[in-house]
Amino acid sequence: MAERIDLLVKGGQVVTAAHRACPVRGRTMQNLPVLEGGWVACAGGKVVAVGPEEKVREQVEITAKTEVIDAAGKVVTPGLIDPHTHLIFGGSREDEFYLRAQGADYMEIMEAGGGILSSVRATRAASLEELVETGRQRLRWMLELGVTTVECKSGYGLDLETELKQLEAVRILQREQPVELVPTFLGAHAWPPEYAGDHEGFVEFLLDTVLPAVKEQGVAEYVDVFTEKGVFSVEQSRRILQKAQELGFKLRMHADEMHSLGGAELAAELNAASADHLLMVSGQGIRALLESDVVPILLPGTAFTLRKPYAPARKMLAAGLPLALATDFNPGSCPTANLLLVMSIACLYMAMTPEEVFNAVTINAAHSLGRSQRLGSLEPGKQADLVIFAVDDYKKIPYYIGVNLAETVIKAGQVVVGN
Ligand code: NIG
Ligand code: FE
């Protein structure tokens with residue numbers, strides 16, 4: 001029996017990103033499954049059939065109630081996925097942006113009490129309503145660019161109350177707007193002023209008080225740590241992440257961002273879902289990642305903003321690693337929420353191909369969030385998250401740098417932008 005469909009997107013260049021296995025690794029990332037003039041049929045928020053017109057017509061029943069969107073001459077992709085953001089924060093740090101533009105250093109600003117700690121002060125001072133309101137606006141920016149799933153970290157509280165306030169803002173936003181949110185607890189993001197002379201005391205506070213409370217409240221799916229020189233050492237990170245694992249959290253990491261510290265190795269050792277940044281990853285780190293299931297997530301908007309060397313994407317791909325891409329949207333090291341821009345930067349400055357870049361922000365990003373069974377590609381049974389771009393070839397999307405070509409965005413079968 002042909003299934004009745006409620007939505008049909010017909011005639012576009014359909015980037016299905018449907019691979020036999022995922023994550024897509026190494027040379028395979030060069031293959032981007034695309035269907036010219038394809039039809040995508042959806043029912044009940046899910047994709048029912050994808051293929052050439054004749055095939056789809058055989059499989060489904062189009063009724064008078066079916067919403068039909070003509071995508072001829074346009075590109076249809078899976079909803080884009082941003083697997084690393086610091087979405088919820090109070091205040092902003094444009095002063096530091098211009099100081100850095102004049103030559104100031106990111107870590108020096110942080111050591112002088114600015115940087116992350118400046119956002120901690122503003123986030124502690126913000127009400128829950130303010131955090132929800134700014135978060136809502138930022139998610140709207142993202143949705144309009146075609147981003148339908150976003151990972152969101154806490155980490156601008158560094159005390160129990162504010163960390164929970166940030167995660168509560170994520171929970172409220174999840175209920176009231178269409179972008180799917182993945183909450184991550186990042187209490188180990190910086191040393192709070194209260195523990196300036198007692199870092200060990202802060203680690204113990206996280207282990208004994210904060211992590212159990214976050215678990216108890218059920219407000220985070222992942223735990224992340226900023227493993228960095230002057231921030232959390234590999235040893236401190238291991239203790240925090242192991243405790244998180246014992247409590248049943250899955251892990252992500254800020255690894256080898258400014259210094260080659262062994263963050264990638266620790267991510268591999270603990271089988272984290274992702275190791276992110278990796279600007280300074282060592283050869284040993286790459287080998288460790290290769291022997292693990294960790295998805296490396298590159299955030300080239302951060303290297304761009306901080307004017308630092310980019311992560312060695314080509315080296316990692318040549319070694320056979322999978323890659324995902326994310327914005328790292330945050331008030332300091334990367335104040336852009338624009339994943340399309342990040343895709344352009346990845347092509348220009350990390351020599352990634354458009355095919356690799358689309359695999360990175362769809363199926364591999366979904367995999368890094370434990371959602372590749374449901375999201376990240378256009379295939380029967382998957383959630384109907386789709387973007388229609390107003391160009392006739394996917395290669396033109398990263399090429400028109402900084403231009404928002406997303407015209408229609410569909411989340412779980414509902415048109416949420418455009419039309
Ligand atoms: O991913 N590196 C640590 N955390 C963020 C920056 C946060 C901030 O500057 O506010 C990052 O780059
Ligand atoms: Fe980050």
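## A tour of rings and a cavity

Start by selecting R252 and Y222: R252 lies over the face of Y222, 4.5 Å from the ring centre. A charge counts as over a ring if NZ of Lys or CZ of Arg is within 6 Å of the ring centre and within 35 degrees of the ring normal. Before you move on, note that this is a predicted model, in which local features need pLDDT of at least 70, side-chain atom pairs count only at pLDDT 80 or more, and totals for chains, interfaces and linings use all residues. Residues are numbered from 1 along each chain as its sequence is written, and side-chain values use heavy atoms, with hydrogens and water left out.

Now select R138 and F89. Here R138 lies over the face of F89, at 3.7 Å from the ring centre.

Keep F89 on screen and turn to ring pairs. Rings of Phe, Tyr and Trp (its six-membered ring) pair if their centres lie within 6.5 Å; planes under 30 degrees apart are stacked, over 60 edge-to-face, and the rest tilted. The count by this rule is 13 aromatic pairs. F89 sits in the loop between strand 6 (80-82) and helix 2 (94-101), and Y156 in the loop between strand 7 (147-153) and helix 6 (160-176), so the pair ties together parts 67 residues apart in sequence. Helices (H or I, at least four residues) and strands (E, at least two) are DSSP runs, numbered from the N terminus.

Are these two residues buried or exposed? F89 is buried at 6% relative accessibility, and Y156 is buried at 2%. Buried means under 20% relative accessible area, exposed over 50%, and partly exposed in between (1.4 Å probe, protein chains only).

Next, select W191 and F202, an edge-to-face pair with 6.1 Å between centres and 75 degrees between planes. W191 is in the loop between strand 8 (180-188) and helix 7 (199-217), while F202 is in helix 7, 11 residues apart. W191 is buried at 11%, as is F202 at 0%.

Finally, select H86, Y106, H189, N330 and S333. Of the 14 residues lining the largest cavity, these are the closest to its centre.

Key. Chains lettered and ligands numbered in written order. 1 Å grid on protein atoms, 1.4 Å probe; cavity = no way out; pocket = protein on both sides within 12 Å on 5 of 7 lines; lining within 4 Å.
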